[in-house]
Amino acid sequence: METREKKSKKEEIKTNVTVSGAEAVVKCLLAEGVDILYGYPGGAIMPVYDELYKYKDKLNHVLTRHEQGATHSAQGYARATGKVGVAMATSGPGATNLITGIADAQIDSTPMVCITGQVASHLLGSDAFQETDIVGISTPVTKWNYQITKASEIPEIFAKAFYIARSGRPGPVLIDITKDAQFEQFEFSYEKCTSVRSYKAIPELNIEAVKEAANLINEAKKPFVIWGQGIVLGEAEEEFKEFIEKAGIPSASTLLGLSALPTKHPLHVGMVGMHGNYGPNKLTNECDVLIAVGMRFDDRVTGDLSRYAKQAKVVHFEIDPAEIDKNVKANVAVLGNAKETLKTILPFVKENMHKEWLQEFRDYDATEFDKVIKKDLYPTKEGLTMGEVIKEINKASQGDAIVVTDVGQHQMVACRYAEFNQTKSNITSGGLGTMGFALPAAIGAKMGAPEREVVAVIGDGGYQMTIQELGTILQTKAAVKIVVLNNEFLGMVRQWQQLFFDKRYASTEMTNPDFVAIAKGYHLKANRVTKREELENVVQEMMQSEEAYFLEVCVEKEDNVFPMIATGSSVSEVRLS
């Protein structure tokens, strides 16, 4: 990708002052509307931190307790606001500690700009103290990256970075800045980037493809929509709702698509995927037209591709041409931003109702309720279930909270049962499946949307991967509600060991610390629930707290999450036990 482009003079912001490269970094962030960033200082990025100190009334830097926490916080902020998240670290281990969060942002299409310090340019390649080739390391997991060695490059590269991160299919960008470039003086001016040669953010809309897609949809007897996060990223929620309501099509969400449509919408038939709902998984292989909107046919959605929706004609609405025909062959591909493509197709779609077809989903719902949901939400056994905890959170939040989940059984249970009334309410690590994501991501989400309740639902395993971010909550007073569902196991791995490895629980049982004592050590309000009769009142107390609150709920040790599609199975082979 080219590193220099001509920009429109209309958007040029000239200050015509001589500044250091470090001050230019801060000015660039302010010019891009950044109000908060997350990071951890060190030698190679110290000049920028010195400038941040001078600008602290304009730009809030949040000191996380680990660089990975900085990236996940930036992700949570981006996912809750739709803005670009920003994370910063020093060279060497500081930079490499960002990689997990960058990879997570890349696969989940999260807009993020990461800034790393680097050794002085004359030391590059010499194995200097804390020198790491972060550009080389991050290349596979970034949308774009660049190493700055001259201060004069800073404005153009930052403008380009923010444009690339937020445009088209969003993603993470990394800028590495040598220390001498941070000290170097130059005349600063800033102009926002609006285009980059060789990079087409949004494909040109083909109206013939739109009409062809509409014809397939209008002729369908059993049409089925699966939508993904592209609806949220494209801010196409209203257009999507109008589309499915006019066409009367049953619609299911991917894991990351949840909350784009209210949970209780009459055409919302649940979630697809490995632990998705029974009906939408089964009926994927019975629909005659499958309409995919802003989703990429991930393997956790499709199961065995050779047996996935072979009977259906496929219409794929997608912004990234690379996703077309990558996993599932499309009969019609409609390229473009979901907001634009759905608005364009709406006049061509006939008003319809598919009552009998929708009823088939509801019949499967009834079966799933009897076999699975009733046991999860209304258990008769003594031990607490994860599902009933989510049910109490729903009751206390009225479906208006942002729910941030980690990775594992608790994630699948929370995403299955959490109720969402508004968009940007489901924040989870999808494609990478990063344990340790939820706690720092919840901090970022709360700072991005301070007016909303943010509840982090975490397993006892993932919680301990980033537990140090309780220190960030202590320092920032971010009023995050933390719920740890403690089953003293790495629960999802244990479930697989039970079902497919003859209950050989190799390295999955956890000997845990006193989580409540640790939370109190960070001066957080904290409580523990072990009995059903305590749960409702304590959850209400947590949700009503104006401060951060930690709640440990001790749940059944060997509960499993169903429905489930085993690896290599067809979506038709979804099992209820």
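Modeller: Lying across rests on contact, meaning heavy atoms within 4.5 Å. Angles go from 0 to 180 degrees between N-to-C directions, with axes fitted to C-alpha atoms, for helices over the stretch in contact. Helices (H or I, at least four residues) and strands (E, at least two) are DSSP runs numbered from the N terminus.

A word on the source: this is a predicted model, where local features need pLDDT of at least 70, side-chain atom pairs count only at pLDDT 80 or more, and totals for chains, interfaces and linings use all residues. Residues are numbered from 1 along each chain as its sequence is written, and side-chain values use heavy atoms, leaving out hydrogens and water.

Now the sheet: it's open, with 6 parallel-paired strands in the order β16-β15-β17-β18-β20-β19. β16 (426–428) and β19 (525–529) sit at the edges with a single partner strand each, so one side of each has no neighbour in the sheet. From one strand to the next, the twist averages 15 degrees. Pairing takes at least two DSSP bridges between two strands; β15 (residues 402–405) and β16 run parallel and are joined by 3. Within that pair, V404 stands opposite I427 in β16.

Another helix, α3, lies across β15 and β16, at about 155 degrees to β16. Helix α3 spans residues 67–81 and includes E67. Leaving out residues up to four places away in sequence, E67 touches Y40, A89, G94, N97 and L98.
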